[in-house]
Amino acid sequence: MADLARMVEALRNPRLQGFGTTIFAEMSALALRTESINLGQGFPDTDGPVEIADIAAECVRNGPNQYPPLPGQPDLRAAVAEHQQRFYGLSYDPDTEVLVTAGATEAIAASIIALCDHGDEVIVFEPTYDSYAATIAMAGATLVPVILEAPAYELDVDALRGAVTPNSRLLLLNTPHNPTGKVFSEEELRAIAAVAIEYDLVVVSDEVYEHMTFTGPHLPIASLPEMRERTITIGSAGKTFSFTGWKVGWITAPSELRAAAMTAKQFLTFVNAAPLQPAVAMGLRLPDAYFAGLRNELLAKRDRLSAGLLAAGFDVVPTQGTYFLSANITSFAAAHNLPATSIEFCLALPEAAGVVAVPSEVFYQTKEAGRSLIRFAFCKKDDVLDAAIERLSNVN
Ligand SMILES: Cc1ncc(COP(=O)(O)O)c(C=O)c1O
């Protein structure tokens, strides 16, 4: 066994070192062990609309259950194109400019692998969703972080310009942004667009939380002048319809960029989720009330958890979108004699309070930047949020 361990260690791709079991799995295991309320990992504890699930169930029983076409079933591609038109006035040709993927995660991976080679640089706003750094490493490219400083997380345009080099290929944007809950303002998106145009960068825009904005309608960067032709936009049925386990996502992009991503997808998964695709198509065509309802429900949960955390003694960082909110732990840790650094704090919190959160440190390459922040997911039932608040309010 020891020899096998050594052999595997020697074979392991050095670029993936440091990307072991994620903290999310570790924290979920800790939640189970300590019977804690898990506000760590970001998935809802209530499934999405039953009418969508009914179509999926019917399709599992009666088909389609065989490989769909490589780019996705034509009707789902049509529904994705209709959705981009309906909400953002963006036109995409379902036959050449839409690609169905195995979740947004594959859309991100296919885009990066398709467009980056060794030595290429990908500019990301840090903190980042955790798949970005690993995927960039798998492609052999280099992540170049531009830090968004808490608590305002404002874009530093000079820092963005300073991050561009002759090796820059992609700019990876995420709005609304995980883990901060930031929604990039129109002014910020225009500044990012100006840099992308000036330096001829492709923008990969991860918009999986597009229907969870609390400050006004979502603005895709592809809708800004001269941006459609250089942007790959990514969506997720898992997020939009609360079926995170389905892993159905999509890309909308000009045909050349979509073709590039499709080449990578072909050899990552080829195709995915045949019987779920008609169900997602139906979901994308639901009336506006569904999408407004999702936002309003999450807005109420954000306010519920924010108020509860504030009352319990956390410094809550305002959240404009997503189903996450961050809190600064410094004063809470001092008041309750808990560690003041986020990983140690989150490891101690289940024992101390019976609640699991995620240390924001794991979303940064520049670890110090996230050391005093933790992230909670508020896409949970009200009584679960209330119970977590009560536990946090009663820590000794
Ligand atoms: C910013 C961001 N992008 C992508 C994903 C993954 O989406 P999917 O489950 O559709 O692969 C997540 C999931 O948490 C996310 O937060």
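This tour moves through the structure in steps, naming what to select and what is found there.

The model is predicted: local features need pLDDT of at least 70 and side-chain atom pairs count only at pLDDT 80 or more, while totals for chains, interfaces and linings use all residues. Residues are numbered from 1 along each chain as its sequence is written.

**The two domains**

Begin by colouring domain 1 (2–47 + 289–393) and domain 2 (50–287) separately; these bounds come from an automatic or database domain assignment. Their C-alpha centres lie 24 Å apart.

**Where the domains meet**

Next, display the boundary, where 35 residues of domain 1 are in contact with 34 residues of domain 2 (contact: C-beta atoms, placed from the backbone, within 7 Å). On the domain 1 side, select α12 (288–312), β10 (324–328) and β13 (373–377), each of which supplies at least two residues. The largest share, 8 residues, belongs to α12. Helices (H or I, at least four residues) and strands (E, at least two) are DSSP runs, numbered from the N terminus. By type, this side of domain 1 comprises 19 nonpolar, 11 polar and 5 charged residues (nonpolar: Ala, Val, Leu, Ile, Met, Phe, Trp, Tyr, Cys and Pro; charged: Asp, Glu, Lys and Arg; polar: the others, Gly among them).

**The seven-stranded sheet**

Now select the open sheet of 7 strands, ordered β2-β8-β7-β6-β5-β3-β4 with mixed pairing. Strands β2 (98–101) and β4 (142–147) form the edges, each pairing on one side only; pairing requires at least two bridges found by DSSP. From one strand to the next, the twist averages 20 degrees.

Within the sheet, β6 (residues 202–206) and β7 (residues 231–236) run parallel and are joined by 4 bridges. Select Ser-205 to find its bridge partner in β7, Thr-233.

Axes are lines fitted to C-alpha atoms, for helices over the stretch in contact, and angles run from 0 to 180 degrees between N-to-C directions.

**The nonpolar core**

Finally, select Ile-112, Val-122, Leu-170, Leu-172, Val-355, Ala-357 and Phe-376, the residues with the most contacts inside the largest nonpolar core, which has 111 residues. Such a core is a set of buried Ala, Val, Leu, Ile, Met, Phe, Trp, Tyr and Cys residues joined through C-beta atoms within 7 Å (buried: 20 or more other C-beta atoms within 10 Å of the residue's own, placed from the backbone). Helix α5 gives the largest share of this core, 8 residues. Because domain 1 and domain 2 both give residues to this core, it lies between them.

Definitions and conventions
Contact = placed C-beta atoms within 7 Å. Buried ≥ 20, exposed ≤ 12 C-beta atoms within 10 Å, placed from the backbone.
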